[in-house]
Amino acid sequence: MKKRKVPLRKDIVTGEMHPKKDLVRVVKNRQDEVSVDPTGKKPGRGAYISLDVEVANQAKAQKTFDKAFGIKVDPTFYDELVAYVDHQQARKELFGDDA
């Protein structure tokens, strides 16, 4: 059986390439609203970040998405991002790779 190509994306914080399923997409829409996109299908400009709490905290400290999207991102978004990443990381540890 032929092996399928694994889509890779670049983590905006660390600059490392990871499989798409190990990252979470953050999207900025036309109204300049920034949100977490768990499905990866929302319309708008997307950027990826690892499902790692340390990386999410680093993004918060460096205001990475302010720079990436060229707008002022609400500080509460970073708190939501850290909480989401923490939750997903815990799920992955509990249930394995298929969570």
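Biologist: Which residues are linked with Lys-21 in a network of salt bridges?

Modeller: Asp-22 and Lys-92 are linked with Lys-21 in that network. A salt bridge here is a side-chain nitrogen of Lys or Arg within 4 Å of a carboxyl oxygen of Asp or Glu. This is a predicted model, where local features need pLDDT of at least 70, side-chain atom pairs count only at pLDDT 80 or more, and totals for chains, interfaces and linings use all residues. Residues are numbered from 1 along each chain as its sequence is written, and side-chain values use heavy atoms, leaving out hydrogens and water.

Biologist: How many salt bridges by this rule?

Modeller: The count is five. One of them joins Asp-22 and Lys-21, at 4.0 Å, N to O.

Biologist: Is Lys-21 buried or exposed?

Modeller: Lys-21 is exposed, at 56% relative accessible area. Asp-22 is partly exposed, at 23%. The cut-offs are under 20% for buried, over 50% for exposed, and partly exposed in between (1.4 Å probe, protein chains only).

Biologist: What does Arg-25 pair with?

Modeller: The side chain of Arg-25 meets Asp-37 in a salt bridge, 2.7 Å from N to O. Asp-37 is in strand β4 and Arg-25 in strand β3, so the pair ties together parts twelve residues apart in sequence. Both residues are buried. Strands (E, at least two residues) and helices (H or I, at least four) are DSSP runs, numbered from the N terminus.

Biologist: And which residue does Asp-32 meet?

Modeller: Lys-28, in a salt bridge of 3.2 Å, N to O. Lys-28 is buried, at 18%. Asp-32 is partly exposed, at 41%.

Biologist: New topic. How many residues are in the largest nonpolar core?

Modeller: It has 21 residues. Such a core is a set of buried Ala, Val, Leu, Ile, Met, Phe, Trp, Tyr and Cys residues joined through side-chain atoms within 4.5 Å. Val-26, Ile-49, Phe-65, Phe-77 and Leu-81 have the most contacts inside it.

Biologist: Which elements supply it?

Modeller: β3, β4, β5, α1, α2 and α3 each supply at least two residues. α3 gives the most, with five.

Biologist: What does Val-26 touch?

Modeller: Its partners include Val-34, Ile-49, Phe-65, Phe-77 and Leu-81, leaving aside residues up to four places away in sequence. Contact means heavy atoms within 4.5 Å.

Biologist: Where is Ala-59 found?

Modeller: In helix α1. Ala-59 is buried, with a relative accessible area of 0%. Beyond residues up to four places away in sequence, Ala-59 touches Val-13, Ile-49, Thr-64, Phe-65 and Tyr-78.
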